[in-house]
Amino acid sequence: MTAPNGESLHGKQNPDPAAPNDELLPQPVGGTAAPLAKVTLGRIMRGFRRDNITLLALIFLFLVVMSALFAEFLAPYSPTQQNLRLRLMPPFTPAVEGGFPHLLGTDALGRDIFSRLIHGARISISLGVASVLLSGTLGVTLGLLGGYYRGRLDDFLSRVVDVQIGFPVLLFALFLLFVTGPGYWNVVVVLALARWPVYARVVRSLTLSYRETPFVEGARAIGCDDRRIILKHLLPNMLSPILVLATLEVSGTILGESGLSFLGLGVTADTPTWGKDVANGREYLRIGWWVIAFPGLTIFLTALSINLAAMWGRTITDPLGRWQWLGVSPVLAKAPPAIAAPSRENVATLTAAPADASTQPRAGNPPVLEVKDLRVEFDTPAGVLYAVNGISYTVEAGQRLVILGESGSGKTVNVETIMGVVPSPPARLSGAIYYRGDNLLTYSPGQRRPLLGSKIAMIFQDPLTALNPAFTVGEQIAEMFRVHQGLSHGQAKKQAIEMMDRMRIPSAARRANDYPHQFSGGMRQRVMIAMALALGPEVLIADEPTTALDVTIQAQIMKLLREVQTETGMALILITHDFGVAVEMADQVLLMYAGKIVERGSIQDIFRQTAHPYTKALLTSIPRADHKGGRLTAIAGAPPRLTHIPFGCPFHPRCPYAIPRCESEVPPLRPVSANHSSACHLFEEVLLDR
Amino acid sequence: MPAAPAQKEANLRRYVLKRLFQAIFVLLAVLSLVFIIGRQIGDPARLILGLEAPEADVVALREEMGLNDPIFVQYGRFLVRAVQGDFGTSYWQGVPTIELVLERIPATLFLSALAFGSAVPLAILIGVLAAVRPGSFMDRLTTVLSLAGVCIVDFWLALMLIIFVSVRLGWLPTSGFVGVGLAGLPFAILPVATLILGPVGRVAQLTRIAMIEEINQAYVKTARAKGLSEYLVLGKHALKNALIPTITLSGDVLISLMNGVIIVEFIFAWPGVGQLLMQAIQRRDLPTIETLVFTTTVMVVCVNLVVDMTYAYINPRIRYDSA
Ligand code: SF4
């Protein structure tokens with residue numbers, strides 16, 4: 001007997017593996033999806049036409065239930081009618097008396113198998129439903145009580161549930177049936193006793209999670225009694241998971257009953273059951289495969305249909321799933337977006353924007369890193385997402401480049417593309433990324449790999465999630481030496497400890513054997529830095545390395561980064577949304593907005609000769625004196641969704657300087673002074689306006 | 001905060017002790033249940049002597065067996081004997097039941113070990129391949145296997161395998177057992193195939209889900225940025241984390257194998273404990289059944305202990321969190 005395990009089978013929806021970085025995902029406009037469309041008969045029909053497997057399953061289930069109800073009228077023969085002249089006849093044997101042919105053949109006593117299956121449905125379905133009603137009532141009641149009242153009762157119930165779920169069901173059932181003897185109701189009760197813990201466990205955990213919600217606490221506050229809270233507030237909210245579970249359990253119970261029948265401990269009356277019919281065929285398996293094959297096939301198809309129906313039930317009880325199944329996209333059902341997506345022509349104009357002098361390929365010594373007209377686009381259900389839209393910049397050895405931008409400005413995708421960690425089939429890349437003159441985008445992953453970590457390294461925003469929880473930090477650092485330099489375990493470990501020491505992690509030798517979760521946030525980021533710097537890279541990319549940390553720790557990490565940068569002379573690309581960090585760290589600053597560079601220059605230029613309205617807005621939004629970590633959110637309006645970037649200058653909906661031209665013409669990045677440029681039609685005016 | 005090694009030890013010890021305590025609770029609960037239910041079934045003396053035996057003999061035997069003692073005295077005696085492995089004499093064979101059961105264990109262990117040893121690695125492989133290539137053949141195979149595993153009854157699968165593989169094609173013996181070891185392998189193939197369908201489906205599906213979840217974790221990005229090959233990124237970094245739920249499930253797999261062997265041994269005439277159970281049921285041999293229930297419980301408890309320990313080993317976080 002196979003223990004059905006619906007939970008693990010369909011429990012979790014697999015996350016979309018292709019989903020790009022969270023910060024890129026379009027925010028839903030109207031909060032939850034509340035489509036305006038109605039459920040119509042036509043939509044249901046079309047839904048079933050798309051999902052014809054579910055339709056077949058439901059039809060089959062309908063037929064089985066009809067058989068169970070009206071077996072006497074549907075079956076061509078009586079299930080017990082023997083015909084010794086027609087023993088073990090194969091399928092499609094015509095009847096002797098010219099009656100209905102024996103569609104599925106006959107058994108050893110000449111009984112019509114098809115008719116027996118129709119009658120067998122009665123036991124299977126009724127027993128399955130009865131047992132599930134019993135176990136469901138028992139399990140749901142106990143689960144609710146345990147989860148709601150907690151305490152002793154809950155402890156005891158949980159213990160019993162754990163024990164019973166961990167015990168072989170068949171052995172349990174056989175033992176009880178041995179004691180009680182076989183029989184219809186005995187089987188019902190025994191199977192219910194075997195399966196109630198499944199509901200109790202699910203309902204208990206649901207109750208626990210609902211118990212703390214405002215609506216239950218509110219009900220308690222206004223003086224609802226427990227009975228009312230449980231029946232009126234808790235139970236209705238759990239109904240759909242319980243129903244889906246119960247449906248799956250019907251299938252499991254039918255399988256269980258057939259197993260018991262097969263072993264001769266099921267229903268005793270001489271009504272046919274599917275399990276007994278399989279057992280009847282055992283002796284004739286050499287000469288009459290059909291006697292065994294069809295009853296088993298019926299059990300299989302019934303269980304399969306129930307499972308498919310339960311999966312469908314799960315889909316349509318979920319609001320979003322229901323609309324998807326009905327073929328109504330919640331996004332499409334909304335009012336059309338106010339801002340149109342850039343058309344192909346528009347993109348073409350973007351491309352046509354002339355690159356300024358500093359991005360021209362240079363003769364002689366190429367820079368460490370040069371990004372040229374990089375574009376990254378993702379196809380999402382909501383349309384094409386333009387994450388990076390033609391940016392160019394260079395990084396020289398020893399330079400500290402800070403890329404500033406709000407979330408959704410494309411700054412992270414930009415550097416992840418350098419590292420090749422953007423999921424590449426869903427992302428469309430164009431442009432070039434030169435490392436010492438070689439275009440990395442033309443490299444295969446295998447060609448790029450030797451550079452990653454050793455020449456170009458990266459540290460990530462949240463060190464807790466960026467470190468693997470299942471390996472010690474020493475192992476994770478040592479891996480760099482083993483993979484790239486082929487060092488032995490011992491040597492690599494020694495090097496790793498040395499690196500941790502250099503990053504001022506106290507008692508490094510001992511801590512190397514600890515796991516990431518045993519470290520504080522700041523220490524974890526030091527581990528990340530140790531790992532990134534292990535092989536002395538020429539470029540270190542740090543993506544918001546302190547965002548997840550405390551303010552005091554932030555300063556320490558920045559100090560460490562600056563020190564190691566000076567010490568090693570590597571280039572540093574620092575991604576941040578914090579102007580304070582930029583001031584502290586940058587030689588060069590790049591400001592990004594909607595996947596484009598809006599202003600670029602030395603930190604002094606940006607500060608003293610601000611040449612872009614966006615930069616200006618950012619600077620005025622920094623809280624003075626009291627707190628230097630001003631966040632880039634204090635500008636009126638929201639950053640554009642990258643699926644719907646405005647025409648012309650992407651900043652125009654939020655720009656106080658905007659003129660009509662800004663809505664139609666893309667401002668190119670124009671030089672302001674020698675090493676300072678801005679992508680604004682009116683930067684001269686902005687410069688003067690102080 | 002860093003935990004000192006001594007503290008680590010203490011936490012681990014507390015964890016182990018807690019599990020052991022739970023195990024003892026389970027054993028005691030099952031023993032009590034067996035005792036209570038066993039006494040409900042009718043007069044054991046009558047069961048032993050048969051319906052035709054004279055009443056005087058039955059009364060004498062009742063006295064001899066201590067069935068007239070107060071119930072808690074009987075219960076105490078039952079517990080003491082059970083702990084010593086003494087569940088009485090088989091009505092059917094007339095030998096101590098524990099001997100009967102122990103004699104059958106190697107055959108069952110052989111079958112279960114083969115099934116477990118092939119199911120889990122196979123399922124993990126399928127699940128990982130399915131997760132790495134969504135929409136591929138392996139991905140679809142995982143869905144089909146997991147549905148089939150839940151919907152196909154094992155006794156039917158076993159019989160169909162016999163009909164087509166053994167009878168029609170004549171490739172393998174229909175049933176029987178020639179011993180534990182290499183020579184026994186051909187006889188074990190069909191039973192093992194029957195046993196593992198469900199577990200493979202379930203474990204593959206879970207591994208697939210867990211793997212997909214892990215592939216989307218930030219540390220996978222880190223591993224790629226470190227310049228590791230995809231083999232290391234997925235097969236080392238992601239897999240070790242994805243195995244955590246899989247290990248929990250392998251406990252369930254062992255338990256569902258214990259279900260499976262009852263049917264499979266019955267059909268394939270495999271002389272293990274599952275077959276013994278069916279024989280004992282047919283002969284109404286209560287002591288043997290009680291012994292089987294108890295030994296199965298012991299095995300279940302051991303399996304769970306091993307799973308918990310492995311889990312604690314592979315998932316460093318649990319050593320601290322659950323303490
Ligand atoms: S181009 Fe126009 S809209 Fe854009 S920043 Fe300059 S003034 Fe504002």
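Q: What is the handedness of the crossing of α9(B) and α10(B)?
A: This is a predicted model, in which local features need pLDDT of at least 70 and side-chain atom pairs count only at pLDDT 80 or more, while totals for chains, interfaces and linings use all residues. Residues are numbered from 1 along each chain as written, chains are lettered from A and ligands numbered from 1 in the order written, and side-chain values use heavy atoms, without hydrogens and water. A crossing counts as right-handed if the near helix is turned clockwise from the far one by less than a right angle, and left-handed if anticlockwise; that of α9(B) and α10(B) is right-handed.

Q: Which residues of α10(B) does α9(B) meet?
A: Contact means heavy atoms within 4.5 Å, and helices here are DSSP runs of H or I with at least four residues, strands runs of E with at least two, both numbered from the N terminus. From α9(B), the residues Tyr219(B), Val220(B), Ala223(B) and Arg224(B) take part, and their counterparts in α10(B) are Glu230(B), Val233(B), Leu234(B), His237(B), Ala238(B) and Asn241(B).

Q: Which strands of the eight-stranded open sheet in chain A stand at the edges?
A: Two strands pair if DSSP finds at least two bridges between them, and the order in this sheet, with mixed pairing, is β6-β7-β8-β3-β9-β10-β12-β11. Two of these strands have a single partner strand each, so one side of each is left without a neighbour in the sheet: β6 (456-459) and β11 (670-673) of chain A.

Q: What is the bridge partner of Arg600(A) in β12(A)?
A: Strands β10 (residues 596-602) and β12 (residues 676-678) of chain A run antiparallel and are joined by two bridges. In β12(A), the partner of Arg600(A) is Ser677(A).

Q: How many bridges pair strand β1 with strand β4 of chain A?
A: Both strands belong to an open sheet with the order β2-β1-β4-β5 (chain A) and antiparallel pairing. One bridge partner pair is Lys372(A) with Ala432(A) in β4(A). Between β1 (residues 369-380) and β4 (residues 427-435), the antiparallel pairing extends over a number of bridges that comes to eight.

Q: Which residues come nearest to the ligand?
A: A residue is near a molecule if one of its heavy atoms lies within 4 Å of it, and there are 13 residues around the ligand. Those that come nearest are Cys649(A), Cys655(A), Cys662(A), Cys680(A) and His681(A).
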